[in-house]
Amino acid sequence: MSDVYDVPIVSRRRPGTSGAASSSAPLISVAPLPPPIVPSGKWNRENRTRLVTAIRFQVDRSLRAGEMGRHVFGELDPASITLAFDTLFERRRQPSAHFLDIGAGMGAPTVAAAVIYGAKATGIEIVGSLFERAAAIYAGDPRIKFIAGDATTMDFSDATHVYTFHAGFDPSIKRIIYNLIMELPNLMCALIVDYPESAKELTSIVNPNHFGIHMSQFSSTGRERFVGTFIYPRRRSLRLALPIKSQ
């Protein structure tokens, strides 16, 4: 995979990237970027939620006026991200994990997976300008990588943990993503966040002989309720971090 930014920040680009700006591309004028958020204090749920909040604020406040546009659907709120990722990563830091965020948006969940849970984290977003600030702020962290492109055309077979908030995706794209996730050879756990009715459709696709499913409700930043579906291979058990409906 190569790093590609469709709205590049040339001065803060990661060294060696293949997504260099063309000579005709306009340069972006931005204020000096803040240093990346780093963990401090005890590694407990309260502090993890505080870190998620800080990461989201750091990325959000660097956006230009009107930049979010129609492409940004939404994100889980910080408390929900913490609860969700505590289950996804089984309440521990996992430096050997390769986390994949499909539809990374502005990048906060991708950054949180690396900074808080220690994973090697990759965020894929088809609208590259959405996460360009996070990509610039965390460009020096070797655990974090952002890619602009279509996840359905990419090879991410080394992913062990997958997250996607894809309620705004086209149904045909969702089905492709479902199948790609369930074909991952090294999958430990995936979390798919969607509307309740779409979550029910997902359970009908999953082969219960090969995968276990756990479901829970989460809140978005817009205070909407969504269902998170955890999928994990039957060959292993999932250490749950929150009360979840099992299937």
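Is Ile 137 buried or exposed? At 4% relative accessibility, Ile 137 counts as buried, because the cut-off for buried is under 20% relative accessible area. Keep in mind as you read that this is a predicted model.

- Beyond its neighbours up to four places away in sequence, Ile 137 touches Leu 33, Pro 34, Pro 35, Pro 36 and Gln 58.
- One of these, Leu 33, is 104 residues away along the chain, yet the two C-alpha atoms are separated by 6.4 Å.
- Ala 134 is also found in helix α4, and its relative accessible area of 0% makes Ala 134 buried.
- Setting aside neighbours within four places in sequence, the contacts of Ala 134 are Val 59, Met 106, Gly 107, Val 111 and Phe 146.

**Helix α1: Arg 56**

- Arg 56 is part of helix α1, which spans residues 45–60.
- Is this arginine buried or exposed? Arg 56 counts as buried, since its relative accessibility is 15% and the cut-off is under 20%.
- The side chain of Arg 56 makes a polar contact of 3.0 Å with the side chain of Glu 75.
- Glu 75 is also among the residues that Arg 56 touches, along with Leu 76, Pro 78, Ala 108 and Thr 221, when residues up to four places away in sequence are not counted.

**Helix α2: mostly covered**

- In helix α2 (residues 78–88), nine of the eleven residues are buried.
- Among the buried ones are Pro 78, Ile 81, Phe 85 and Asp 86.
- Pro 78 is also one of the contacts of Arg 56.
- Just after α2 comes Glu 90, with a positive phi of about 55°.

- In helix α6 (residues 196–205), the buried residues are Ser 198, Ala 199 and Leu 202.
- These residues lie on the same side of α6, because they cover an arc of only 105° around the axis.
- An α-helix has 3.6 residues a turn, so residues three or four places apart point the same way.
- What do the buried residues of α6 pack against? Their partners are α5 (171–182), β5 (189–194), β6 (211–219) and β7 (225–233).
- On the face turned away from the buried side, α6 carries the exposed residues Glu 197, Lys 200 and Ser 204.

Methods:
Residues are numbered from 1 along each chain as its sequence is written. This is a predicted model: local features need pLDDT of at least 70, side-chain atom pairs count only at pLDDT 80 or more; totals for chains, interfaces and linings use all residues. Side-chain values use heavy atoms; hydrogens and water are left out. Buried means under 20% relative accessible area, exposed over 50%, partly exposed in between (1.4 Å probe, protein chains only). Contact means heavy atoms within 4.5 Å. Helices (H or I, at least four residues) and strands (E, at least two) are DSSP runs, numbered from the N terminus. A polar contact is a pair of N or O atoms within 3.5 Å; within protein, one must be able to donate a hydrogen and the other to accept it, and residues adjacent in sequence count only if both atoms are side-chain atoms. The arc is that of the directions from the helix axis to the C-beta atoms.
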